[in-house]
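Q: Could you walk me through this model, starting with its packing and then turning to its charged pairs?

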Amino acid sequence: MATEETAGGARKATKSKLFEFLVHGVRPGMPSGARMPHQGAPMGPPGPPYGGSPAVRPGLPTPVMEPSRKRPAPSQQVQQQQQQQQQQQQQQQQQAVQNRARKKPVGFPGASEMPARQMDMREPQSDPTLGSNAKRRKMADKILPQRIRELVPESQAYMDLLAFERKLDQTIMRKRVDIQEALKRPMKQQKRKLRLYISNTFNPARPDADDSDGSIASWELRVEGKLLDDPGKQKKKFSSFFKSLVIELDKELYGPDNHLVEWHRTPTTQETDGFQVKRPGDVSVRCTLLLMLDYQPPQFKLDLRLARLLGIHTQTRSCIIQALWQYVKTNKLQDSHDKEYINCDKYFQQIFDCPRLKFSEIPQRLTNLLLPPDPIVINHVISVDPNDQKKTACYDIDVEVEDPLKSQMSSFLLSTANQQEIASLDNKIHETIESINQLKIQRDFMLSFSRDPKGYIQDWLKSQSRDLKLMTDVVGNPEEERRAAFYHEPWSQEAVSRYFYCKIQQRRQELEQALAVRNT
């Protein structure tokens, strides 16, 4: 469909331009192969932060903590309480890390922040079981940060494309909702011409024929048809317009038991483009064709009195009730005191046989006044004259068909054309934005290090120490304990005396236990 292809093509073109701008820096309207000049400092070397190696605290080996530095394990009685406290502490720690990240200078990454960002960016790629929609993407994830936009002024073209894409998506979504609402309402049927072709052929008897069919004269009647000016791509079969077809032959020639040829629609009926009837005979035969149209929605023939009153011969049930209500309003038959009742005039009294009735009773009373619609009757002569073999009778029948726009609207809603390609471009845009943000972090890191290497390293070590303490749950301050000044504090002498006293007491208990074992 033209609308569907236009909408899908527009979305696809917008996604392609967004991705092309992010990757190659091609601005809309620039010639093919052109690139935008980069301004400002370079974005930093590719790869993960700190030259491709994970964040490791310099000056310390791999953190393997002594058992004495760990907090003692909780007892069974207070285990549940400590678990709750641990959960609260974890939440507080996460909040503290976030707060410190906000207070850090521009471009200063923490130890727990940068690996996490690397993990978020590469996790969907490393797991082949994750689908394209495993990680829910948001529109905000496509937006470039303000500092990147200030650094690269040409990125405003990307933001303009993003705004255009948002407007395009909103327009398509609004049209989809409008189409869904339109499909819920009954659409008006369109009247078309169905041309009916009736022809016959005659096969004279051949005495020299070997089979029984050729030795007996026979004729064949064909009933075919097609819809004139059918704009639909899928042509409707001829039999789909009819509920039943009856061909009545001359009863005197074919007897009371073989003069009727009937076809009736069933749920398993296969549609066909025409009907063929073959019978033996060498004389012209008069036949009558009775065609019953398949009305959708069903239509009924009105009782003669009701048809004269409303001026309707055949119509749907809803239209008949609407015409009755219009007649009641026009002739002011509704009771002024009780609006639910209708005061019947002389015509209504003849039809419904009551002086007063409720309007809600009319659908039930209409059941006996609605009849099946009249069939289309065509009289035809099956001629065996060789001069009449090439003659074909044509008849035009008015039929009601669905608006072709309805099928196009349905196919537009169900269409998935270009969806995979659009989703693929969307994922590439998200990955490119994440890569740009990662490069921005690397650039800020390098710039901060280049301005004040010593101060930056000291601040970075303090941050790493705090993060390591939070991650390993260590008692004390390892950063202070690794310096000599920590052990020259006034309390150090008393701490050493207490340490040796505890060791002596522990050794004394071991010796007493050993002597007690020997004495026993």
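What follows is a short exchange about cores, salt bridges and a surface patch.

Q: Before we start, what kind of model is this, and how are residues numbered?
A: This is a predicted model, in which local features need pLDDT of at least 70 and side-chain atom pairs count only at pLDDT 80 or more, while totals for chains, interfaces and linings use all residues. Residues are numbered from 1 along each chain as its sequence is written, and side-chain values use heavy atoms, with hydrogens and water left out.

Q: OK, how many residues has the largest nonpolar core?
A: The largest nonpolar core has 32 residues, and L221, F242 and I247 have the most contacts inside it. Such a core is a set of buried Ala, Val, Leu, Ile, Met, Phe, Trp, Tyr and Cys residues joined through side-chain atoms within 4.5 Å, where buried means under 20% relative accessible area, exposed over 50%, and partly exposed in between (1.4 Å probe, protein chains only).

Q: And which strand gives the most to this core?
A: That is β6, with five residues; strands here are DSSP runs of E with at least two residues, and helices are runs of H or I with at least four, numbered from the N terminus.

Q: What does F242 touch?
A: Not counting residues up to four places away in sequence, F242 touches L194, W263, R265, L291, M292, L293, D294 and I397, contact meaning heavy atoms within 4.5 Å.

Q: R265 is charged, so which residue forms a salt bridge with R265?
A: The partner is E271, with the closest N and O atoms 2.6 Å apart; a salt bridge is a side-chain nitrogen of Lys or Arg within 4 Å of a carboxyl oxygen of Asp or Glu. R265 is partly exposed, with a relative accessible area of 27%, and E271 also counts as partly exposed, at 32% relative accessibility.

Q: Switching to E165 and K142, are they buried or exposed?
A: Both E165 and K142 are buried, and they form a salt bridge whose closest N and O atoms are 3.0 Å apart. This pair links distant parts of the chain, with E165 in helix α5 and K142 in the loop between α3 and α4, 23 residues apart. Together with D426, K142 and E165 are linked in a network of salt bridges.

Q: Last one: where does I504 lie?
A: I504 lies in helix α15, residues 491-519, and counts as exposed because its relative accessibility is 55%.
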